[in-house]
Amino acid sequence: MRLLLLTLISLSILIPQVQDAPPPPSEPAVKFITYDEPPVPLTSIIPHYPEIAREAGIEGQIIVQVYIDENGDVTETVVLKSIPNTGLDEAAIEAIRITKFKPAMQKDKPIGVWISIPIHFKLDSKDPEAQ
């Protein structure tokens, strides 16, 4: 009996106690806002191709969720589809942040909305720097 009790005590010390799992990470609190006309970039969104990604031959698509306010300014960004550790995410965000937009319109009034913007990174095979 004593041996059984000692064994149980030993096991309870060695085995960590089960605790409640932490809550899942919170996702961006994005609510859908209806609009009559979507926001439109006033200039082309042209990201800088990061040298590390260029040298490694990395191509792909980054999708960034963006809040464009009633003035046409990008105020928040969330990367939905990433290519981590390449500089592509950061380049996509920077290109979007410096772009001015015609704001979304609802009943002839400018409004702020969330939209998703895909940014494509493709190396040009004719580009001598891409080789």
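Predicted model: local features only at pLDDT ≥ 70, side-chain atom pairs only at ≥ 80, totals over all residues.
Residues are numbered from 1 along each chain as its sequence is written, and side-chain values use heavy atoms, with hydrogens and water left out.

**Exercise 1.** Find how many salt bridges the whole structure holds, and describe the one that Glu37 forms.

Solution. 
1. Apply the criterion: a side-chain nitrogen of Lys or Arg within 4 Å of a carboxyl oxygen of Asp or Glu.
2. The search of the whole structure gives three salt bridges.
3. Glu37 pairs with Lys102, with 3.2 Å between the closest N and O atoms.
4. Glu37 sits in the loop between helix 1 and strand 1 and Lys102 in strand 4 (residues 101-102), so the pair ties together parts 65 residues apart in sequence. Helices (H or I, at least four residues) and strands (E, at least two) are DSSP runs, numbered from the N terminus.
5. Glu37 is partly exposed at 37% relative accessible area, and Lys102 is partly exposed at 38%. Buried means under 20%, exposed over 50%, and partly exposed in between (1.4 Å probe, protein chains only).

**Exercise 2.** Locate Phe32 and decide whether Phe32 is buried or exposed.

Solution. 
1. Phe32 belongs to the loop between helix 1 (2-14) and strand 1 (40-41).
2. Its relative accessible area is 69%, so Phe32 is exposed.
3. From C-alpha to C-alpha, Phe32 and Ile115 are 9.1 Å apart in space, and 83 residues apart in sequence.
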